Amino acid sequence: MTQPNENITLPQLERTPQRHFYTGSDMSRALSIGDLRARAHKLMPRFVLEYLEGGAEDEASLARERQCYAEWRFIPRQLVDVSRRSLETEILGKPAAMPLAIAPTGLNALFMHQADSALAQAAVGTGVPYIQSTMSNDTMEEVAIAAPGVRHWWQLYVLGGDEIWQELLRRADACGCEALVLTTNSQIFGDREWSSRDRIGGGWPDASSMMDAASHPRWFAGSMAHGMPTFANVIDFVPEGKRGFFESANWIRSQMPKSLSWNHVAKIRDRWKKPFLLKGLLHPDDIRKAIDSGVDGVILGTHGGRQEDWSVAALDVLPEAAEIVRGRIALMMSGGIRRGTDMLKAMALGADAVIAGRAPLYGLCAAGAEGAARALEILHDEATNDMGQMGVARLSDLTPEMMVSISRVAYPGGRRGSAMG
Ligand SMILES: Cc1cc2nc3c(=O)[nH]c(=O)nc-3n(C[C@H](O)[C@H](O)[C@H](O)COP(=O)(O)O)c2cc1C
């Protein structure tokens, strides 16, 4: 686990005093996403943390997910009345307490029994949308019941024939999902070697991982003691005899067409009349195609560094994407959101909203729905405070002219900072 002092290079600290994160159970004492992450690392066994944290191959995309924020700095304004600050906004035309949604994450039952419902409850409590993954473990209907009033979005992985996604769309519509998110960058799975090293053939954790898991009884009691997870939303499509956990995971993966294309987007657009977003785009031409395809939004991102290695991060392409989109569709992004300032940087560089994956998951691992809600609250409160310090009262006051890219040293008035151009 990262030690706080490891990230501090200011010479005057010289590793003393020895600092520590808060890892206790009192969520009001968790001050940052770092505290929630530290508690997650305390409670979860190694193979679970590897699933949560890991990236593909050399993890260069994963590393970029955080580095990219470090390359952008604010140029704050002074003498601005910031006594009333608000992060309130609209996401897809409906009010949200801040420009953030909980990202879709599969296999959350590995962290906690009924974790998808817990995340949705945290989203309702905080006033942000919740995006549920095709690979989630609670059914979408269970989530809708467990979290009344949730702004529920459905994330679609295309697998098998058209009848599967058509049925998932029918159910999503019937249980009140207000938007559909098609993930476009995962038909071929990223090779997460570190995760694979913890497992033997077929997917089972190896002996050392089993021993490690056995030494985490609280995790076991809150998760696996309730039984092995199932991919509850798609399990009925899995042939009988392949419905065990690992067999079904492998079968589903094998059914994801490598031929996924803009034809699928057109067919889905035709059938789904509510807001429809594409997730996982990065290339400017794909953003142009998305606009032409009639979708309502794009979510830029690398799948949290878990898919293609050595790719740029969403923040790297955001300024160019904003110029392409010019407000015609929703522009969202994912990857590396750990601080209120990360969200504000994305907004200043042209995003309408961000989605956060690991941050709420650290909270979930730390303390279930309460912990996930605490993660969202931390991001909200940090961003509100940061706005005040930057001389910004409303999100619309955040503009690219308040940002400088220290890798390009492009100051306002000169050429706009850009990591792409
Ligand atoms: C454990 C885990 C599982 C994920 N599962 C999915 C998934 O099922 N579908 C999907 O579209 N994205 C999935 N993602 C990617 C997230 O939606 C999101 O893009 C990513 O987590 C953003 O980066 P962040 O974790 O740094 O916030 C997953 C990410 C994590 C960490």
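Why does Leu52 count as buried? The relative accessibility of Leu52 is 2%, so Leu52 counts as buried. The word has a cut-off: a residue is buried under 20% relative accessible area, exposed over 50%, and partly exposed in between, with a 1.4 Å probe and protein chains only. Before going further, note that this is a predicted model, in which local features need pLDDT of at least 70, side-chain atom pairs count only at pLDDT 80 or more, and totals for chains, interfaces and linings use all residues. Residues are numbered from 1 along each chain as its sequence is written, and side-chain values use heavy atoms, with hydrogens and water left out.

Leu52 is part of helix α2, which covers residues 46–53. Helices (H or I, at least four residues) and strands (E, at least two) are DSSP runs, numbered from the N terminus. The buried residues of α2 are Phe47, Val48, Leu49, Leu52 and Glu53. Among the elements that cover them are α1 (33–43), α3, α8 (207–214), α9 (217–222) and α15 (358–390). For Leu52 itself, residues up to four places away in sequence are not counted, and the contacts (heavy atoms within 4.5 Å) are with Phe111, Arg306, Arg358, Leu361, Tyr362 and Cys365.

The loop between α2 and α3 holds Glu59. Glu59 is not a glycine, yet it has a positive phi of about 60 degrees. In helix α3 we find Ala63. Ala63 has a relative accessibility of 33% and therefore counts as partly exposed. Between the C-alpha atoms of Ala63 and Met140 there are 33 Å in space, and the two residues are 77 apart in sequence.

Ser83 sits between β1 and β2 (89–91), in the loop. Because its relative accessibility is 58%, Ser83 counts as exposed. Its side chain makes a polar contact of 2.5 Å with the side chain of Asp81. A polar contact is a pair of N or O atoms within 3.5 Å; within protein, one must be able to donate a hydrogen and the other to accept it, and residues adjacent in sequence count only if both atoms are side-chain atoms. Ser83 and Thr302 are 219 residues apart along the chain, and 37 Å separate their C-alpha atoms.

Another loop, between β6 (152–156) and α6 (162–174), contains Gly160. With a relative accessible area of 27%, Gly160 is partly exposed. Neighbours within four places in sequence aside, Gly160 is in contact with Gln255 and Pro257. The C-alpha atoms of Gly160 and Val238 are separated by 9.8 Å, although the residues are 78 apart along the chain.

The model also contains a ligand. There are 21 residues around the ligand, and Pro104, Ser133, Thr183, Gly336 and Gly357 come nearest. A residue is near a molecule if one of its heavy atoms lies within 4 Å of it. A polar backbone atom of Pro104 is 2.7 Å from an oxygen atom of the ligand. For Ser133, a polar side-chain atom lies 2.7 Å from a ligand oxygen atom. Thr183 also places a polar side-chain atom 2.7 Å from an oxygen atom of the ligand. The ligand taken alone exposes 600 Å², and the protein buries 98% of that. These areas come from the Shrake-Rupley method with a 1.4 Å probe.

The relative accessible area of Trp310 is 65%, so Trp310 is exposed. Its phi is near 65 degrees, a positive value in a residue other than glycine.

Helix α13 (residues 314–325) has a span of only 14 Å between its end C-alpha atoms, whereas a straight helix of 12 residues would span 16 Å at 1.5 Å a residue. The expected span is 1.5 Å times one less than the number of residues. Because 11 of the 12 residues of α13 are buried, the helix is largely enclosed by the rest of the structure. The buried residues include Ala314, Leu315, Asp316 and Val317. Their cover includes α3 (60–70), β1 (72–74), α12 (284–293), β9 (297–300), β10 (330–334) and α14 (340–348). Just after α13, Arg326 takes a positive phi of about 45 degrees.
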